[in-house]
Amino acid sequence: MNQDDYFFCGIGGSGMLPLALIVQARGGRIEGSDRSRDQGRTPEKFAWLEAHGVTLHPQDGSGVTRSGQTVVATGAIEDTVPDIGAAKRVGASIVTRPELLSQLFNAAPASIGVAGTSGKSTITGMIAWILHGADRRPTVMNGAVMKNFADADHPFASALIGGPWSEETGLFVSEVDESDGSIARYDPTVAVVSNISLDHKSMEELRDLFGGFTDRATKAVLNLDNVETQALAQSLPGDKVITFALGEESATLNAHDLEPLPTGMRFNLTELGGEPLPVILNVPGAHNVANALAAIGAVRAIGVPLTEAVASLETFAGIRRRMEVVGTANSVTVIDDFAHNPDKIAATLKTLHAFDGRLLILFQPHGFGPLRLMKDEFIDGFAGLLRAGDVLLMPEPVYHGGTTDRSVSSDDIASGVRAAGRTAEALPTREACGDRLVELARPGDRIIVMGARDDTLSTFAAALLDRIGRPLTD
């Protein structure tokens, strides 16, 4: 990549920041804006970007001044965003984030695309850690911070800058998103699909998108425990598919004898025709065993030995905001979690219920659209997985204005869960939910802060821990 000028609109976002760092590492000059910066939120993130050579502007169009700039927008390009309006006035090129990412991805000599309704960030992080240990020097684009790569100098380690590319060498690993349809842009060497379930699109649309993604790949890594990915595996030539499952002996990679540990999982791994290999993961839950199998399948497809992959996975530290323990105070543990759709929520609650203790759950929906689309699934999921004594608290969804249909609210979900005999409350604000959590918490409880697309949830979780740890006389 040459010394092109790039302007990232919303540069602090989980999908934008790592892409900007990758473009910068490949020779691009980076500028950007972000509404969160203008509002004074997460100032440490923007200070870090500036310290690393990124020029920041207010999100008022003032940073887009010349036709030579390429303005990178989120999936939707709207004239109402001042930077986009400015780009059109000065004749600057406009490209969406998925367009730019897919161009880089498809230009790599070899690529691994990680798709699926759930588990993408964790699988991508696991692949990154294995390939790093194998000295394959991958470039990695993740939607979340990979804790193995995070340190004082790299607190936002959602990207990994790899080795140089040539016609023969160079490896790009990336999460691939189906929710906006952009998965159709990617032509992977290895396509990983963890699972397919209702999320942002209809099942018919999802089948078409994931089917095309695996068709275009040289190898497809697919989950036999999910009915949709199982069907996908059966539709492809046998020599193109690597399958994985929990306890299914016909799978290429099979995990069995799963044993939950307080901070992880123990299991035996069998590669088709081989001897069982004992594995200990330091991330909890059966879903993370499945994620590990997906990652192993991906790296096996490009020649990494099984024992080498397993050794790296045993030191995998996890992904930020994936069941991340914030801390414990007065015998109450606070956990920060990205779960935001029924599958992710189910995986978290099943994992936490492997051990004793009441769950106090704050679930902040990330939009009115998902609530409307998945209302019944949310109600059924919480009603089926909450135990007697557990409490669900929900503020209203994140809403930044606009014409969104707000006919289904948090109160509809909470009412449905109560009708099924479980305890759920909808409160007007997140702050009110926080007050209620502090009021309810008692020794032995675990508080889970759930939600996506809002950096301030982590700050909220840390503040909850601080409040719970204060002396009762405060």
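Strand 6 (residues 110–115) is mostly covered, with 5 of its 6 residues buried. Buried means under 20% relative accessible area, exposed means over 50%, and partly exposed lies in between (1.4 Å probe, protein chains only). Strands (E, at least two residues) and helices (H or I, at least four) are DSSP runs, numbered from the N terminus. This is a predicted model: local features need pLDDT of at least 70, side-chain atom pairs count only at pLDDT 80 or more, and totals for chains, interfaces and linings use all residues. Residues are numbered from 1 along each chain as its sequence is written, and side-chain values use heavy atoms, leaving out hydrogens and water.

**Strand 6 and its partners**

- Strand 6 runs parallel to strand 9 (residues 171–175), joined by 5 bridges. Two strands pair if DSSP finds at least two bridges between them.
- In this pairing, I112 stands opposite V173 of strand 9.
- Strand 6 also runs parallel to strand 10 (residues 190–193), through 4 bridges.
- Here V114 stands opposite V192 of strand 10.

- Strands of a sheet pair through backbone hydrogen bonds, either parallel or antiparallel.
- Strand 1 (residues 5–9) and strand 2 (residues 29–33) run parallel and share 5 bridges.
- F8 stands opposite G32 in strand 2.

**Nonpolar cores**

- A nonpolar core is a set of buried Ala, Val, Leu, Ile, Met, Phe, Trp, Tyr and Cys residues joined through side-chain atoms within 4.5 Å.
- The largest such core has 50 residues, and F8, I11 and F172 touch the most other members.
- Helix 1 (residues 16–25) gives the most to this core: 7 residues.
- A second, separate core has 49 residues, including I127, A128, A290 and I296.
- Not counting residues up to four places away in sequence, F8 touches M16, L19, A20, V23, I30, E31, G32, S33, V72 and L100. Contact means heavy atoms within 4.5 Å.

- Helix 15 (residues 430–440) has buried residues R430, C433, G434, L437 and L440.
- Seen down the helix axis, these buried residues fall within an arc of 130°, so they line one face of helix 15. The arc is that of the directions from the helix axis to the C-beta atoms.
- The face turned away from the buried side carries the exposed residues E431 and E439.
- The buried residues of helix 15 pack against strand 18 (359–364), strand 19 (391–394), strand 21 (446–451) and helix 16 (456–469).

- T243 lies in strand 12 (residues 241–246). Its relative accessibility is 9%, so T243 counts as buried.
- Leaving aside neighbours within four places in sequence, T243 is in contact with L222, L224, A233, S250, A251, T252 and L253.
- T263 sits in the loop between strand 13 (253–261) and strand 14 (264–271). Its relative accessibility is 55%, so T263 counts as exposed.
- T263 touches L281, N282, V283 and P284, not counting residues up to four places away in sequence.
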